[in-house]
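Reader: I would like a close look at one part of this chain. Please keep it brisk.

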Amino acid sequence: MKKLSFNFQNIDTVQGYCHQCDEESILVAIVTEFYRCTNCGADTKQHINGKIRYIQLTDADKEWLRKNGEKR
Ligand SMILES: [Zn+2]
């Protein structure tokens, strides 16, 4: 398991299913609506529609993340 240097006390984490590594994992909020899997490092987008789902990022999402993410 790849260790990522997050401080879990100051940021949002949720337990969820990561479609990239096919495992239950801790997902870390990198920016609003976007979560990163601590298991494989993949980024997922949170979609709230009655329940929380994790959907794969589109190219537009990745581009947005490049511009707006990684600020922490
Ligand atoms: Zn993963």
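In what order do the elements of the chain run from the N terminus on? Then take me through the loop between E1 and E2 and the strands around that loop.

Author: This is a predicted model, in which local features need pLDDT of at least 70, side-chain atom pairs count only at pLDDT 80 or more, and totals for chains, interfaces and linings use all residues. Residues are numbered from 1 along each chain as its sequence is written.

From the N terminus on, the elements run β-β-β-β-β-α. That comes to 1 helix and 5 strands. Helices (H or I, at least four residues) and strands (E, at least two) are DSSP runs, numbered from the N terminus.

Start with the strands. E1 covers residues 13–18 and E2 covers residues 23–31. They pair in the antiparallel sense over 6 bridges. Pairing here requires that DSSP finds at least two bridges between two strands. Thr13 has Val28 in E2 as its bridge partner. Val28 also stands opposite Arg36 in E3. E2 and E3 pair in the antiparallel sense too, over 4 bridges.

Now the loop. E1 and E2 form a hairpin with 4 residues between them. Asp22 has a phi near 60°, a positive value in a residue other than glycine. Asp22 counts as exposed because 10 other C-beta atoms lie within 10 Å. The cut-offs are 12 or fewer such atoms for exposed, 20 or more for buried, and partly exposed in between, with C-beta atoms placed from the backbone. Cys21 has 14 other C-beta atoms within 10 Å, so Cys21 is partly exposed.

What does Cys21 touch, leaving aside its neighbours within four places in sequence? Cys21 is in contact with Cys37, Asn39, Cys40 and Ala42. Contact means that the C-beta atoms of two residues, placed from the backbone, lie within 7 Å. Gly41 is 20 residues from Cys21 in sequence. In space, their C-alpha atoms are 9.2 Å apart.

The hairpin of E2 and E3 has 2 residues between the strands. There, Glu33 takes a positive phi near 80°.

Last, the whole chain. Buried residues make up 12% of its 72 residues. Among contacts between residues at least 6 apart in sequence, 22% join residues at least 24 apart.
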